[in-house]
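Me: I'd like to learn how to read a model like this one, feature by feature. Can you walk me through it?

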Amino acid sequence: MEVITLTTCSSSFEAQLIIGKLKNEGIDCFTTNEISATLLPHYNGIIGRGIQIMINDVDLERAKVILLPEVKTEICCPKCHSKKIKTGLGKNKAKKILAIIFSLFTSTNYGIENWGNICKDCGNEF
């Protein structure tokens, strides 16, 4: 039996919800990196780490079934209902790039986690 990473969460709240679901079904699990991800949340996306949920490899298939999302939502443009969507900086690119640079130098989050969605067909930003 080997311990493997099931998923990675960006917040402690999300991780505890998943832990609760798994433990209710009798699957033993625990978290790693919870303290560092909570103390330095703005580094999670930069270094590709977050709060990891660890389980035994024999429970992997059962855990996937338990955590499978019930409804998959697909992003579509509210204006033209196109499904050709790209994620980008959107308007005020210079302001957002400056915020990213300041965030890197000061280790502070300046609200750069919200990227915009842009429709490829009509150019609508939402």
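Predicted model: local features only at pLDDT ≥ 70, side-chain atom pairs only at ≥ 80, totals over all residues.

Me: Where does L67 sit, then?

Reply: L67 is found in helix α4. One of its contacts shows how the chain folds back: L67 and K21 are 46 residues apart in sequence, but 7.9 Å apart in space, C-alpha to C-alpha.

Me: Does L67 count as buried, partly exposed or exposed, and why?

Reply: Partly exposed, because its relative accessibility is 24%, and the buried class needs a value under 20%.

Me: Let's zoom out. How many helices and strands does the protein have?

Reply: Five helices and five strands. Read from the N terminus on, the elements go β-α-β-α-α-β-α-β-α-β.

Me: What is the general idea behind pairing strands?

Reply: Strands of a sheet pair through backbone hydrogen bonds, and the pairing is either parallel or antiparallel. In this protein there is an open sheet of three strands, ordered β1-β3-β2, with antiparallel pairing. Its edge strands are β1 (3–9) and β2 (29–32), each of which pairs on one side only. From one strand to the next, the twist averages 30 degrees.

Me: And which helix packs on the sheet?

Reply: That's α4 (residues 60–67), the helix that holds L67. Helix α4 touches β1 and β3, and its direction makes about 20 degrees with that of β1.

Me: How many bridges join β1 to β3, and how many join β2 to β3?

Reply: Six bridges join β1 to β3, and four join β2 to β3 (residues 51–56). Both pairs run antiparallel.

Me: Is β3 mostly covered or mostly open?

Reply: Mostly covered: six of its six residues are buried. Sort them by direction and you get I51, I53 and I55 pointing one way, with Q52, M54 and N56 pointing the other, all of them buried.

Me: What about a residue on an edge strand? Which residues does F30 contact?

Reply: F30 is in strand β2. Leaving aside neighbours within four places in sequence, F30 is in contact with V3, I19, Q52, I53 and M54. F30 and I19 are 11 residues apart in sequence and 7.2 Å apart in space, C-alpha to C-alpha. F30 counts as partly exposed because its relative accessibility is 42%.

Me: Which residues make the nonpolar surface patch?

Reply: I35, L39 and L40 make it, and the patch covers about 340 Å². L39 has its place in helix α2 (residues 34–39). At 64% relative accessibility L39 counts as exposed, because the exposed class starts over 50%.

Me: Can we finish with totals for the whole protein? What share of residues counts as buried?

Reply: Of the 126 residues, 25% count as buried. The accessible surface comes to about 9,100 Å², and 57% of that belongs to carbon and sulfur atoms. As for contacts between residues at least 6 apart in sequence, 64% join residues at least 24 apart.

How values were computed:
Residues numbered from 1 in each chain as written. Heavy atoms only, no water. Patch = residues over 30% accessible without salt bridge, like charges linked within 9 Å, V, L, I, M, F, W, Y side chains within 5 Å. Areas by Shrake-Rupley, 256 points an atom, 1.4 Å probe, with all protein chains shown as cover. Salt bridge = Lys/Arg side-chain N within 4 Å of Asp/Glu carboxyl O. Helix = DSSP H or I, 4+ residues; strand = E, 2+ residues; numbered from the N terminus. Buried < 20%, exposed > 50% of the residue type's maximum accessible area, 1.4 Å probe, protein only. Pairing = 2+ DSSP bridges. Axes fitted to C-alpha atoms, helices over the stretch in contact; angles between N-to-C directions. Contact = heavy atoms within 4.5 Å.
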